Amino acid sequence: MRYVIALDVGGTGMKAALIGSGNELLHEARRATGRERGPDAVVEAILDFAAELRTLGLERYGTEPSAAGVAVPGIVDDAQGVAVFSANLGWRDVPLRALLSERLGRGRPAGAPPLPVALGHDVRTGGLAEGRIGAGEGVDRYLFLPLGTGIAGAIGIGDTVEPGAHGSAGEIGHIVVRPDGPPCGCGQRGCLERLASASAVGEAWAAASGDPEATAADAAKAVESGDPRAVKVWADAIDALATGLVTGITLLDPRTLIIGGGLAEAGDTLFVPLREAVREKVTFQPLPAIVPAALGDAAGCLGAGLLAWDLLSAEVASR
């Protein structure tokens, strides 16, 4: 039985899995990231979680995992295996690949080679999964955008995702779509994610409805019921999102736009007006298909598994 360990680390929670050679999810688990205890505690929680999965795999299948893959937020140096920076998790320059390899190597037979470990950016890793085994399967050029707390993108080219020269390709959430818009944590004003992310829509609907606990999902329900305040909030977000997407289309010429994240759960309430808004804004640009993501919140784990299998393939090819 061949399997890999996969971890998808988020700002508040972690998802993990054992994944078989056919990309099947053999076991899934979740737990809190524990960021309130500081970055060192987060790193230790990741290492402990991975070690528990190794133990589970040994007990269940009687064999060691073949490799491990982990997806983390922020700036990631994939080549060096370093989690460079994450504002949400508070860490800087964490040699996560080396730490995981060391922890997962404990208890292995003397002289056994270290367990291969791959590290990737969370959105690019999720985009890799959507491109290979999800909504972008068979598509040669795609742009994957999860609309969640923020907005980032993964630029898919064939079977790979483009990281950029410095590991920050795809940060479409920080395209300025409203120069006089609200301030963004990046230092600009009117960034796409401040206007069209799930958190931005929830914030706008909370203000419009007078309910401080309101969310983007609540806004979508209010739109479906015809609440004019919600319709206005939703239309503003759709217009901002379409503006950002047209910029991405102009620069990248994708064949398909894959939209995921919490906001995409609104289904046709999002996709019908979004497709029309993008259609109205393009001029000379070929119009891509705009489709919902297919893998849901399993995309990160599945992508981390793909990174692990890719690493093994690369090692075999280099021998």
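**Cores, salt bridges and a hairpin**

Of the 43 residues that make up the largest nonpolar core, Trp234, Leu270 and Val278 touch the most other members. The elements that give two or more residues to this core are β9 (141-146), α5 (198-209), α6 (216-224), α7, β12 (256-260) and α8 (268-281). The biggest giver is α7, with 11 residues. Apart from this core lies another one, made of 29 residues, and Tyr3, Ala45, Ile46 and Leu100 are among them. All of this comes from a predicted model.

Trp234 is a handy place to look around from. Leaving aside its neighbours within four places in sequence, Trp234 is in contact with Val201, Ala216, Ala219, Ala220, Val223, Leu263, Ala266, Thr269 and Leu270. Thr269 counts as buried, because its relative accessibility is 16% and buried means under 20%. With neighbours within four places in sequence again left out, Thr269 is in contact with Ala220, Val223, Glu224 and Trp234. Ala220 and Val223 also turn up among the contacts of Trp234.

Now for the charged pairs. The structure holds 15 salt bridges. One joins the side chains of Arg30 and Asp297, with 2.7 Å from N to O. Arg30 sits in strand β3 (residues 25-32) and Asp297 in the loop between β13 (289-292) and α9 (299-318), so this pair ties together parts that lie 267 residues apart in sequence. Arg30 is exposed, with a relative accessible area of 55%, while Asp297 is partly exposed at 47% relative accessibility.

Strand β3 also supplies Arg31, which forms a salt bridge with Glu52. The closest N and O atoms of Glu52 and Arg31 are 2.6 Å apart. Here too the pair links distant parts of the chain, with Glu52 in helix α1 (residues 39-61) and Arg31 in strand β3, 21 residues apart. Both partners count as partly exposed: Glu52 has a relative accessible area of 41%, and Arg31 has one of 31%.

Another salt bridge runs between Arg178 and Asp239, whose closest N and O atoms are 2.3 Å apart. Arg178 belongs to the loop between β11 (160-161) and α4 (193-196), and Asp239 to helix α7 (residues 228-252); the two are 61 residues apart, and the pair links distant parts of the chain. Arg178 is partly exposed at 24% relative accessibility, and Asp239 is partly exposed at 31%. Salt bridges can also join up into a network, and Glu44, Asp48 and Arg103 are linked in this way.

On to a hairpin. Strand β6 (residues 82-86) and strand β7 (residues 91-94) pair in the antiparallel sense over 3 bridges. Across this pairing, Phe85 stands opposite Arg92 in β7. The hairpin has 4 residues between its strands, and Gly90 takes a positive phi near 80 degrees. Ser86 is found in strand β6. Ser86 is buried, with a relative accessible area of 2%. Setting aside its neighbours within four places in sequence, Ser86 is in contact with Pro73, Gly74 and Trp91.

Helix α3 (residues 122-133) has 12 residues and reaches 16 Å from its first C-alpha to its last, close to the 16 Å expected at 1.5 Å a residue. Since 9 of the 12 residues of α3 are buried, this helix is largely enclosed by the rest of the structure. The buried residues of α3 are Val123, Arg124, Thr125, Gly126, Gly127, Leu128, Ala129, Glu130 and Gly131.

Helix α2 (residues 96-105) is where Gly105 is found. Gly105 is partly exposed, with a relative accessible area of 26%. The C-alpha atoms of Gly105 and Gly300 are separated by 24 Å, and the two residues are 195 residues apart along the chain.

Technical notes. Residues numbered from 1 in each chain as written. Predicted model: local features only at pLDDT ≥ 70, side-chain atom pairs only at ≥ 80, totals over all residues. Heavy atoms only, no water. Salt bridge = Lys/Arg side-chain N within 4 Å of Asp/Glu carboxyl O. Buried < 20%, exposed > 50% of the residue type's maximum accessible area, 1.4 Å probe, protein only. Pairing = 2+ DSSP bridges. Core = buried A, V, L, I, M, F, W, Y, C linked by side-chain atoms within 4.5 Å. Contact = heavy atoms within 4.5 Å. Expected span 1.5 Å × (residues − 1).
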